[in-house]
Every structure is written in structure tokens, then in C-alpha cells.
Amino acid sequence: MPETTKSTVGYPKPQGGASLTLAFRMQNSTTLVLGSGPLAASRAFSALDADSKVIVLATGGLKSACEEIQWRVDQGQLTFVDWDTLPGSSVATGDDKLMEAFKFLLSTTSRVRLVCMTDTIIGGRRNRAFAEKIYDICRVHNTPVNTTDMPDLCDFTFMSTHRFEDSNGHGTPLQIGVTTNGQGCRLAGRIRRDIVSRLPKEVGGAVQRVGRMRALAKTREARKAEYADDEDEDSELEENGRVLTPNRPVPSRNNNTETEAETVKRRIKWVAQISEYWSISELAQMTDGQMQEVLDNAASSSPTEFPVPLIPSIHSLAPKPFGRIFLVGSGPGHPSLLTIATHTALTKMADLVLSDKLVPDAVLALIPKTVRIRIAKKFPGNAEGAQQEMMEAAVEAAKSGLTVVRLKQGDPVVYGRAGEEVLYFRSHGFEPVVVPGVSSALAAPTFVGIPVTQRGVAESFMVCTGVGRKGKVVQLPGYERSRTVVILMGVARLSQVIEALTVDENGPGRDRKAYPRHTPIAIIERASMPDQRVVFSTLNDIVKAMDSIGEQRPPGMMVIGWSVLALWGRGDVGVLDEGGESADEARVQKWLKSSDDASWRVVEGLDVGWESFQ
């Protein structure tokens with residue numbers, strides 16, 4: 001036998017624990033969704049967006065399905081099948097009858113590629129045995145399954161995804177997905193938002209234009225050619241299976257001997273070069289004429305752990321310095337909205353920063369690496385203990401001679417508990433310096449185009465909290481047509497807040513007059529940050545709107561009143577005109593008519609003008 005030569009090349013060693021990330025092409029295929037709740041609607045939409053046919057299978061009939069599924073059935077976008085009406089064994093009962101019916105549907109429906117089991121609640125409780133039976137049937141049919149909240153009954157999982165839109169709001173071919181392989185689903189959403197916020201807004205349009213240029217690079221005859229054996233071309237065309245080689249030399253054009261296939265190959269190589277080296281904005285703005293010109297002249301074109309500061313030794317003969325405490329507000333989140341005083345305290349004075357958990361990374365990143373940062377552990381059920389811990393830490397550090405900056409979101413005295421801390425520090429011999437910050441109660445509405453006061457619309461505004469101390473119900477203000485109400489810290493209890501505002505009779509949660517259910521409301525999340533989101537709707541529909549858009553993005557706040565629509569489009573500043581109340585429902589319909597769903601509108605991200613302040 002011939003001797004084998006042992007390779008000295010080192011190849012990557014499989015680590016294990018990862019997922020095989022794939023992009024399925026679902027055209028002419030069917031996705032079967034089990035269940036009819038909001039999660040089933042979300043899975044159905046994802047499949048529809050991928051051009052898959054969708055069948056929703058559930059018990060109880062279409063009337064028991066969520067509103068979105070009923071709407072999509074009415075629009076002809078998907079098919080609803082009542083599990084109870086499917087043929088099955090005449091002698092089977094209970095779960096067995098449902099299984100027989102499921103087998104029938106699976107065997108008589110062509111090209112079922114995926115099964116999404118979103119509902120395993122039978123008889124009012126989650127039924128694992130039921131899910132296992134469904135999973136076993138699907139395995140017999142070689143159909144991959146995803147089962148909600150049961151990882152061991154999943155052949156695939158859904159990533160946290162984002163599809164980029166073009167300048168007209170239409171979906172582009174560019175999608176990104178993040179998976180933590182079950183280790184941190186909420187974190188996956190945050191990472192995805194961070195990635196999206198850091199990419200140029202026109203990146204989806206750039207992908208569209210590059211795709212168009214690839215099509216122009218191929219002549220009609222060349223598209224018929226087979227290049228399966230051409231490894232060199234594959235290395236340029238493959239998106240994720242091979243290493244791309246944009247720096248490989250592109251052969252010069254030879255008009256005398258070049259075949260049509262060679263012309264296509266050369267042009268495709270130039271598309272790869274341009275994709276690698278041109279800016280995203282340039283790619284996104286290319287016209288067909290510019291693309292053709294580039295391709296025709298391709299031969300001559302170039303395409304947290306922070307270090308602890310040193311503390312003086314207790315054995316030093318020098319007198320111990322006296323520390324200081326600053327209570328400062330960081331503003332709504334955007335670093336450019338820090339006051340000069342706060343910026344100075346953080347970057348030039350602080351030895352120790354004790355930060356609230358809502359202060360964003362962009363602000364913390366301004367703090368020198370030599371300064372120790374400690375984040376408050378304020379979580380539901382632990383707020384009081386965490387607050388006491390931070391105050392004690394501030395006093396201890398100040399007694400050691402350090403300058404302590406107690407960093408709070410927004411303005412420290414607007415629901416920031418600064419008053420408690422002032423009294424505590426004073427009782428321990430330290431008079432803190434309170435540095436005001438830009439309050440999110442004012443800044444957040446401004447960021448999304450809502451004036452809290454507006455002549456002809458809102459003569460006053462009120463700021464209140466949606467939750468009292470230790471979860472106690474608070475007394476919300478009654479309806480006044482000329483007033484804007486800003487509610488902080490209430491989004492997590494949205495249903496209770498809306499009920500308190502709109503219930504007819506006077507209850508424990510509101511004084512005086514109830515709010516009309518068509519009153520405009522905006523929920524602003526992560527105000528001033530790149531992943532800012534605002535949901536515009538009415539008190540009647542805001543709960544459904546928030547349920548439809550998925551995960552929350554704390555911190556969030558509510559703005560309620562007619563100022564919410566005052567500056568939309570051409571504006572509406574006649575709310576307080578005599579007789580204006582009779583036109584309220586019409587002005588709300590006009591305000592929301594431009595959205596896909598006439599009941600709410602979702603706006604993502606900051607105005608492009610804020611890019612100048614990065």
C-alpha cells in the first residue's frame with residue numbers, strides 16, 4: 001500500500017454546542033402552525049413573509065382564534081383548519097382522535113416543510129404528552145418541528161430576526177438573525193437591535209441594487225449556461241458556503257476572443273469587487289444606467305469589569321481627604337443630551353460611579369476606564385434593597401476620600417428618588433451636589449414629534465407615575481381635553497392603566513372624568529436611543545397594538561392626549577376650537593389612515609438628523 005503523508009496543516013476543531021444556521025427557501029412549500037393565539041399569528045407572518053403557504057390548525061373554530069389570524073384568513077393570506085372537523089378514526093376519542101386527524105392532514109397536504117407547535121394547552125393546562133405525540137408523528141413524516149417552551153421537542157428554533165426595508169418602506173432581501181441557542185432569548189433581541197442600529201439605514205437598498213447589478217451582468221444567453229464545474233466562479237458567487245475572494249485579480253477585457261460566458265464571469269467578478277469596496281450609500285443610490293456603465297467599463301474601473309481606583313492607605317501619615325457625592329441626571333439616553341456639568345462629573349471628577357440600571361451603555365462608555373462603575377441591581381421585588389445598597393456604597397466610598405457620582409436616568413428628582421438620597425447622605429455628613437438632567441418626560445415626546453403643550457391643542461401637561469410605592473395602585477388624573485398626561489413607569493401595567501383611565505364609574509385608580517376610548521396615546525420606548533420605538537394608537541386599541549409588536553423595550557413611557565396627533569403630517573391645531581369635540585373620531589381616523597393597520601402606527605429609530613450628533 002502506498003504511504004500516506006500526514007498533513008501538517010492545522011484545521012479548525014469543532015467546538016460543538018452551535019446550531020446549523022440556514023436560510024430556507026419556502027416558495028411552493030407549506031408551513032403548518034398549530035394553535036391560533038398571538039404567537040401562532042407571529043409564526044404565520046414569518047412564514048408568509050418567506051412566500052410559504054400557511055395552514056393554521058386549531059380547535060374551537062375560527063372565532064376562537066386571535067384577531068390577527070381571523071383577519072389574515074379574511075384577507076385570503078392563510079388557511080384555517082378546525083381540528084375538530086377533520087376526519088379521523090370513528091372509534092378514537094380525546095387526544096387519540098386529534099392525532100388521527102393530524103395524521104390525515106399531514107399525509108394529504110403536499111410539501112409540508114415545517115410544523116410550528118405554538119399551543120399545547122389542552123383542557124386548560126399545558127400538555128407535554130400531547131406535544132410528544134405530535135412530535136413523533138412529524139418525525140415519521142420527516143417533517144421538522146418547533147415546539148414552544150419545549151426545547152427537547154424542537155428540530156429547529158426561531159432566531160431573533162430583522163428584515164431591512166428600503167426608503168419606501170418595502171421589505172428588501174436583506175435579513176439578519178441572532179440566536180443564543182436557548183441561553184438568552186431576551187439578550188438575542190437586544191443584540192439584534194444593537195446590530196440593526198449600527199448598520200446604515202440604506203443597507204437593505206444597497207443589497208437590492210447589488211442584486212439588480214448581478215442581473216444586468218448576465219446576458220440572456222449566459223443565464224442559460226451551467227457553471228457548476230467552475231470553482232473559480234463559485235468562489236465569487238457563493239454567499240455562505242465558500243470563502244469569498246474579492247482581491248483575486250479580474251482578467252482584462254478582450255473584445256476579440258472573449259466569449260459571452262467569459263464576459264459574464266468577468267462582470268460578476270467586478271460586482272464582487274464593488275460590493276466589497278464601495279460605500280453602502282453609493283451602492284444604495286446606483287441607477288440602472290450607472291450600473292451598466294460600470295459593467296461596460298469593468299476592465300478599466302477600480303472598484304464589565306472595571307479596575308478599582310487606588311485608595312489611600314489607612315496607615316498614611318497624610319490627613320485623610322474628605323470625599324464628595326454628586327447626584328447627577330444622565331438625560332433620556334442620547335450622550336449628546338448630557339449637560340456639561342454631568343459630562344464633567346463623569347469624565348473629570350469621578351472616582352466611583354454608582355449607576356442606575358437604565359442608564360445606557362453609550363453614556364457609560366464616556367467614563368474613563370480608570371473609574372470604577374457599579375450598576376444598581378434594581379429588579380422587581382428588590383428595588384428597596386438595591387436602593388439602600390447603593391446609598392451605603394456611596395457613603396462608604398466618600399468616607400474613604402473618593403468622589404462619588406450617583407448617576408440616574410433623566411433628571412434625578414423626577415421619579416429618581418433623589419430626595420431620599422439627599423436626606424440619607426446629609427444624615428451621614430455629606431451634602432450632595434444635585435446636578436439636573438434633561439428629563440425624559442419632556443425630551444421623549446419631543447424626539448417623536450409630540451409637543452406636550454401646543455396652542456389650540458394642549459394648554460397644560462401633567463407628569464405622573466403608573467405604579468406606586470411597593471406596587472400600590474396610584475390615583476391617575478381624570479380627563480381634561482386641553483391637557484397632556486405623561487405617565488412614567490406604567491407600560492408593564494398597561495392593561496390596568498388603560499382600564500383605570502377609561503372605566504365609566506369613578507374607581508380607586510382615577511379621579512373625576514373618564515377618558516374617551518378614542519383619545520390618542522403614544523408609547524415611547526428607549527427614547528433618544530438608536531433602537532427607539534414609538535407606538536401611536538388610541539386608548540381603545542393600544543393594548544392590542546403592544547401585543548402585536550412583540551417584546552417590550554424598556555424603559556417606556558406613555559403620552560396621552562390630543563397633543564399626540566397635533567404635529568403629525570400637516571398638523572391639527574384646532575382641537576380646542578368651539579365644536580371641535582364633535583370631530584374627534586374623524587380626526588383620529590385621518591391621523592391613523594396612513595398606517596397599514598388603521599388602529600395603530602409603529603415608528604422605529606431616530607430622525608436622520610440626529611446622526612449628526614453621534
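1. Glutamate 525 and arginine 533 form a salt bridge in this predicted model, with 2.7 Å between the closest N and O atoms. Are the two partners buried or exposed? Glutamate 525 counts as buried at 1% relative accessibility, and arginine 533 is likewise buried, with a relative accessible area of 3%. Both values fall below the cut-off, since buried means under 20% relative accessible area. A network is also present: Arg192, Arg193, Arg526, Asp531 and Glu551 are joined into one by salt bridges that share partners.

2. The whole structure contains 29 salt bridges. Side chains of opposite charge can pair when their charged atoms come close. One of these bridges connects glutamate 384 with arginine 417, their closest N and O atoms being 3.2 Å apart. The pair links distant parts of the chain, 33 residues apart: glutamate 384 belongs to helix α14, whereas arginine 417 sits in the loop between β13 and α15. Glutamate 384 is partly exposed, with a relative accessible area of 34%. Arginine 417 is also partly exposed, its relative accessible area being 22%.

3. A further salt bridge joins the side chains of arginine 426 and glutamate 431, at 2.8 Å from N to O.

4. Helix α15 spans residues 418–427. Which of its residues are buried? They are Ala418, Glu421, Val422, Tyr424 and Phe425. The cover over these buried residues includes β10, α14 (383–399), β13 and β14. Just after α15, glycine 429 adopts a positive phi of about 90 degrees.

5. Three of the elements named in that cover, β10, β13 and β14, are members of an open sheet of 5 strands with parallel pairing and the order β12-β11-β13-β10-β14. Its edge strands are β12 (372–375) and β14 (433–435), each of which pairs on one side only. From one strand to the next, the twist averages 20 degrees. Within the sheet, β10 (residues 324–329) and β13 (residues 403–408) pair in the parallel sense over 6 bridges. Valine 328 has leucine 407, in β13, as its bridge partner. Helix α12 (residues 340–349) lies across β10, β11 (352–355), β13 and β14, and runs at about 135 degrees to β10.

6. Valine 434 is partly exposed, with a relative accessible area of 35%. Together with Val413, Val414, Tyr415 and Met489, Val434 makes a nonpolar surface patch of about 410 Å².

7. Another open sheet is formed by 5 strands in the order β3-β2-β1-β4-β7, with parallel pairing. The edge strands here are β3 (79–82) and β7 (145–147), and each pairs on one side only. Neighbouring strands of this sheet are turned by 20 degrees against each other on average, direction ignored. Strands of a sheet pair through backbone hydrogen bonds, either parallel or antiparallel. Strand β2 (residues 53–58) pairs with β3 in the parallel sense over 4 bridges, and alanine 58 stands opposite aspartate 82 in β3.

8. Which helices pack on this sheet? Helix α3 (residues 94–108) lies across β1 (30–34), β2 and β4 (112–117), and runs at about 165 degrees to β1. Helix α4 (residues 128–140) packs on the sheet as well, touching β1, β4 and β7. The direction of α4 makes about 170 degrees with that of β4.

9. As to the overall inventory, the protein has 19 helices and 20 strands. Of its 614 residues, 43% are buried. The protein exposes about 34200 Å², and carbon and sulfur atoms supply 52% of that area.

Methods. Residues are numbered from 1 along each chain as its sequence is written. This is a predicted model: local features need pLDDT of at least 70, side-chain atom pairs count only at pLDDT 80 or more; totals for chains, interfaces and linings use all residues. Side-chain values use heavy atoms; hydrogens and water are left out. Two strands pair if DSSP finds at least two bridges between them. Helices (H or I, at least four residues) and strands (E, at least two) are DSSP runs, numbered from the N terminus. Axes are lines fitted to C-alpha atoms, for helices over the stretch in contact, and angles run from 0 to 180 degrees between N-to-C directions. Contact means heavy atoms within 4.5 Å. Buried means under 20% relative accessible area, exposed over 50%, partly exposed in between (1.4 Å probe, protein chains only). Accessible areas come from the Shrake-Rupley method with a 1.4 Å probe; for residues, only the protein chains shown count as cover. Patches are made of residues with over 30% relative accessible area and no salt bridge: like charges are joined within 9 Å, nonpolar side chains (Val, Leu, Ile, Met, Phe, Trp, Tyr) within 5 Å. A salt bridge is a side-chain nitrogen of Lys or Arg within 4 Å of a carboxyl oxygen of Asp or Glu.
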